[in-house]
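Dear colleague,

Please find below the structure that I am handing over to you. My notes on what was found in it follow directly after.

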Amino acid sequence: MLSLLKEPAKRRYRVQIGITIAAIFVFNLGTLLGSTINTRVIIGAIGIFAIYLPPTIHYFNEKGQNFFRSFYLFCYIGFEILIVVRAVYRYIYPQNHFFCNNALDSFYSIGLFLLALVGIVGFLLLVKEKQDTKIQKLLDDKNQFFSIISHDLRGPLSSAVSLSEFLAEDIEDHTREEIREISEMLYQSNKNSYKLLENLLEWSRVQTGMITFTPKKIILNELIEDNIELNKNAAVHKNISLLFESNEVIEIQADDNMIDTVLRNLLSNAIKFTEKNGKVEIRILKTEENVEVSITDDGIGIPVDIKEKLFKINRKVIQRGTENEAGSGLGLLLCSEFINMHKGKIWVESHKGKGSSFKFTLPVKQ
């Protein structure tokens, strides 16, 4: 009954366990107090009816009904009706044995057998449907993944190869200043390739389950300051001010490697899409339940059509930085995966030409 329930499954699981334990307790209490066979049959029927009632209601109210799901729901409803009919019949016509050789009990037993058989078939069809949907999503993600690799990795690598060849063949014909400019372009191309490969590696580790979620106590302020120091050179190159203010030292339970990756990607993106002489501001706000981190820039902003594609692997995101810096959007996918693992939320507030503010929340306690 619980295998196909969607989130939040934990709460439904507890409800089902609670109902089952209550039904068993009441039935055995009736037996201990010497209740009649008929009373115990009615108690058992009511208990089983209560156990099957939550999943019946769930499947009835669930969106996206199709033939298989309706088929499975029919089995649940038929089972519940049979139980009610038998309980009412036994209340009107008491019996001294659990099972009798009358027409109703025979019909009841045959009905339960058929519904159980049909229910098993329906269950297997639902499992197959769920697996097919999951496999299709994985295939779509894989295709998009390879699209990112082929498009975004080929660009910087091709550029690096061309620049290296140009430099190697005609190095004597170039001035020192020209060599310096080519080396700068070569460095930037290799840096983009390395960043993309790093994100691809992290993404593949997440998808294959190789990254384990290991939360521990960390001081969020220190992690932010470390990432500011890491991105200082890129900010100085564009004369961008990195501002960070906090009224208190905030300690949370989180996976430091994951949150470090999130901060690094968001801060790097903010610098990439901010014009020279701009500023990037980081703020943290703590409430009783959550910590909200915002990274705000006064850069070029994000158009509406691109903003809707962020955090989704099946949407291609193409937007270059203020100095034509390339990006694949894979870093934001990683951020979304890691924040979801922490049971937090991540979103963006932006208007074209007015800057962007990427925000995410983390629970104070995991």
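The bend at a residue is taken here as the angle between two axes, one fitted to the seven residues ending there and the other to the seven starting there. On that basis, helix α2 has a kink of about 35 degrees at Leu53, shortly before the proline Pro54. Please bear in mind throughout that this is a predicted model.

The buried residues of α2 are Asn38, Arg40, Val41, Ile42, Ala45, Gly47, Ile51, Pro55, Thr56, His58 and Tyr59.

As to the overall picture, the protein chain contains 10 helices and 7 strands. Of its 366 residues, 38% count as buried. Among contacts between residues at least 6 apart in sequence, 72% join residues at least 24 apart. The accessible surface of the chain amounts to about 22,200 Å², and 60% of this belongs to carbon and sulfur atoms.

Part of that surface deserves a separate mention. A nonpolar surface patch is formed by Phe25, Val26, Leu29, Leu32 and Leu33, which together have about 560 Å² of accessible area. Phe25 belongs to helix α1 (residues 9–32), and its relative accessible area of 57% makes Phe25 exposed.

I turn next to the charged pairs. Side chains of opposite charge can pair when their charged atoms come close.

- Lys232 and Glu229 are joined through their side chains by a salt bridge of 3.1 Å, N to O. Lys232 is partly exposed at 37% relative accessibility, whereas Glu229 is exposed at 51%.
- Arg264 and Asp260 form a salt bridge in which the closest N and O atoms are 3.3 Å apart. Because they are 4 residues apart in helix α8 (residues 256–272), about one helical turn separates Arg264 and Asp260. Arg264 is partly exposed, with 21% relative accessibility, and Asp260 is likewise partly exposed, with a relative accessible area of 23%.
- Arg283 and Glu281 form a salt bridge whose closest N and O atoms are 2.9 Å apart. Glu281 has a relative accessible area of 16% and is therefore buried, the cut-off being under 20%.

Ser294 itself lies in strand β5 (residues 290–297) and is buried, with a relative accessible area of 9%.

Finally, Glu202 is located in helix α5 (residues 176–207). Is this residue buried or exposed? Glu202 is buried, with a relative accessible area of 17%. Leaving aside neighbours within four places in sequence, Glu202 is in contact with Ile211, Leu334 and Phe338. Glu202 and Gly331 are 129 residues apart in sequence, while their C-alpha atoms are 9.3 Å apart in space.

With kind regards

Terms used
Residues numbered from 1 in each chain as written. Predicted model: local features only at pLDDT ≥ 70, side-chain atom pairs only at ≥ 80, totals over all residues. Heavy atoms only, no water. Salt bridge = Lys/Arg side-chain N within 4 Å of Asp/Glu carboxyl O. Buried < 20%, exposed > 50% of the residue type's maximum accessible area, 1.4 Å probe, protein only. Helix = DSSP H or I, 4+ residues; strand = E, 2+ residues; numbered from the N terminus. Patch = residues over 30% accessible without salt bridge, like charges linked within 9 Å, V, L, I, M, F, W, Y side chains within 5 Å. Areas by Shrake-Rupley, 256 points an atom, 1.4 Å probe, with all protein chains shown as cover. Contact = heavy atoms within 4.5 Å.
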